[in-house]
Amino acid sequence: MLQEEAREYHASGRPGKIAIAITKPCATQHDLALAYTPGVAVPVLDIQQDPLEAFRYTARANLVAVITNGTAVLGLGNVGPLAGKPVMEGKALLFKRFADVDVFDIEIDATDPDDVVRIVKALEPTFGGINLEDISAPQCFEIEQRLSAAMDIPVFHDDQHGTAIISGAALLNALELTGKDITQVRMAVSGAGAAAIACCEFFVSLGMRRENIVLADTKGVIYRDRTEGMNAYKARFATDRPARTLAEAIDGADIFLGVSVAGLVTKEMVLSMADAPIVFALANPDPEISYPAARAARGDVLIATGRSDYPNQVNNVLGFPFIFRGALDVRARTIDNGMMVAAARALADLAKEDVPNSVLRAYGVDRLEFGPEYLIPKPLDPRVPLRVAPAVAAAAMASGVARNTLDLAAYTEQLANRLTRGREVMSHVTRKAQTAPKRVVFSEGEEQKIILAAARIQQEHIGLPILLGREEVIRSAMKELRVSVPIEIVDPATTKRAASYAAALHERRQRKGITLREAAALLRQPNYFGAMMVQAGDADAFVAGLTYHYPDVIRPALQVIGSAPGVSRVAGLYVMITGDGRAVVLTDPTVNFDPTAEELADIAIMAAERARNFGLEPRVALLSFSNFGSTNHPRSVKMAAATQLVKTRRPDLMVDGEMMADVALSPTLRDEDYSFCDLVGEANVLVFPSLEAANVAYKLLQHLGEAVAIGPVLIGMSKPVHVLSRGADVTDIANMAAIAVIDAQDATRMASRQGG
């Protein structure tokens, strides 16, 4: 199943994971004259006079090359440069996603270090930094060292230094918790490749004594005068100790560092270590010893792995995007050891701070606090870039490798605006769904995209999918798609539930002109049957719409389930994630053509509550074509009246209106003329006066503004129902299911409170 989904993910739409975007106007002949000839001659001549002007005029200021020769790709080995390209594009995606760093991935057909160095050095005028990736040891050491010496821009081999920096942060905090002195501890290491040696060198720079480190590779311990399988980089850590096996090296050690293969460390080895041992088992996907096994061996162990399903994940994404972000922004000549140490210490210090509720919600936990199970921050913590990038920039300025000076306070605020807003919306929703998966029924169970999405939902513990359709058709499709996870299938035509469902629907709709026979006929339609499963308590949420028009899903849901008590109208909303990472809720773009002031107040309150489910603290603006009574028109008066209703009903909400969209989104505009406005900051819940206005706005944002749309999300139903966009992809379907699950979680909590 993963194979087919991965193929679809990479091949759907525009192939690959990255693209080039135009950043300057290019609509008119004058624009083109500025972009190219004759206008481009001006910056050309300026750069000729002062090469640093390239950082001002060109993409070099924010452009990194991710370069590989494909000799050590992930755990796949020497697959060659072309086969390594998807991995390099993935690295580019992470750079852009987490730090807004632009990337060209470059795969070179060269294995000789002289050739690699010559090629990469020749690329220097194009880039602001070089990220070497998946180059085998020991050549990677020589290549990086030679390029760093020859180039006037940062060169960074993430396989080495990324792992070293993140594990170094965890080590600093583990030593603090155990009360151990880094200058006195002994460490045993499994592995002697790029990451292992880089970690050891980095730990030495943090204060660990070289003579207290013992490395073991596939030939055993690296000891002085050993000749088999040696190179100059391993020789730096050749030991005089008598240990010759990994077990002997671990015996009495304070720290174990594993950067090798799964299963090398036994419980007995962990028991042989010193008091309060520190175990970093970083082999992926399976560590040298699993977290549960190490914990079972002894209660005083502190353990980190590379896995996300256990505490203390050593994940390079905590480092490289933000290290380059800081280095680029000060136009650093190199990434020196001081910058790497600054990054590690920034991560270590962040783990000691109170964790925001948004992070707790994203990971589905009640608390995270500095201790054995929280040595380093979580990868999706939005504070990470705001700590690491400024720390790296400050270190670069202090050491003299920076060519640009920054006001660090202003820089941190700029990063917050640029990187952290809206980025974690779906991660937050998914994590919350995973805390208590609910049953989600899909009426279009025979569709391949639904089957693939259901498999992902099941595998990632987001929910418990139920597929409606003919079992033999679904099973055949699952076999073709290589989906092997167990998924519940219900055939409306053969299930024994049909009779009781028909009776229930007849009872509910008999005074709406529906006979028992007609109810039975309706339930042969999957959308009626799926809605009835939820109404009967046999499922917790209903999702449909991949192949249906919106009304074809809404109508059965309203007839079978209906709106929540006290809700005048159900409504719809989208969460829009803009290109600069901001998240804003738009309502109502899908259901209500011309709602009244009372209905708009209901919609605003429901949308605000839903914003919290997405991890947003709602700041609600009711929109119009006027600002606070500037135009006396029934439509603007309606929005002003709706605003007052919301303020009366929910004085706890931050809300104001009526106002124009630019005023809602610009605190500066409000401060100039409307200082009385109750909104603080940018509005993130926008309530539109009509369906046409909201629908036009969301479509324009999506297609002209290239915003990502999450939705449509249906609000106001008595039980969770959500409508897919026609043609949605697998990720969209899984996202909608996660939203449905958290709705069902809320419904369960509400029912529990009412029952109590």
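## A salt bridge between helix and strand

E107 forms a salt bridge with K85, and the closest N and O atoms of the two are 3.5 Å apart; the term salt bridge is used here for a side-chain nitrogen of Lys or Arg within 4 Å of a carboxyl oxygen of Asp or Glu. Side chains of opposite charge can pair when their charged atoms come close. This pair links distant parts of the chain, since E107 belongs to strand β2 (residues 102-107) and K85 to helix α5 (residues 85-99), 22 residues apart. Helices (H or I, at least four residues) and strands (E, at least two) are DSSP runs, numbered from the N terminus. A search of the whole structure finds 48 salt bridges.

The model is predicted, and local features need pLDDT of at least 70, while side-chain atom pairs count only at pLDDT 80 or more and totals for chains, interfaces and linings use all residues. Residues are numbered from 1 along each chain as its sequence is written, and side-chain values use heavy atoms, with hydrogens and water left out.

D100 is found in the loop between α5 and β2, and its phi is near 55°, a positive value in a residue other than glycine.

The bond from A137 to P138 is cis, with omega near 5°, and P138 lies in the loop between β3 (129-132) and α7 (139-150). The bond from N284 to P285 is also cis, with omega near 5°, and P285 is found in the loop between β9 and α13 (291-297).

## The sheet that contains β9 and β10

Six strands form an open sheet in the order β7-β6-β5-β8-β9-β10, and the pairing in this sheet is mixed; two strands count as paired if DSSP finds at least two bridges between them. The edge strands are β7 (220-221) and β10 (302-305), each of which pairs on one side only. Strand β9 (residues 278-281) and β10 pair in the parallel sense over four bridges, and the bridge partner of F280 in β10 is A304.

Helix α8 (residues 158-178) packs on this sheet, where it touches β8 (255-258), β9 and β10, and its direction makes about 160° with that of β9. Contact means heavy atoms within 4.5 Å, and angles run from 0 to 180 degrees between N-to-C directions, with axes fitted as lines to C-alpha atoms, for helices over the stretch in contact.

## The sheet from β15 to β20

Another open sheet is formed by six strands in the order β18-β17-β19-β16-β15-β20, again with mixed pairing. At its edges stand β18 (654-659) and β20 (708-715), each with a single partner strand, so one side of each is left without a neighbour in the sheet. From one strand to the next, the twist averages 20°.

Within this sheet, strand β17 (residues 619-623) and strand β19 (residues 685-687) pair in the parallel sense over three bridges, and L622 stands opposite V687 in β19.

## Two helices that cross

Two packed helices are described by the angle between their axes and the distance between the axes. The axes of helix α26 (residues 597-613) and helix α27 (residues 634-649) come within 8 Å and cross at roughly 50°. That makes α26 oblique to α27, because angles under 35 degrees count as roughly parallel, over 145 as roughly antiparallel, 65 to 115 as roughly perpendicular and the rest as oblique.

The contact is made by A597, E598, L600, A601, D602, A604 and I605 of α26, together with K638, M639, A641, A642, L645, V646 and R649 of α27.
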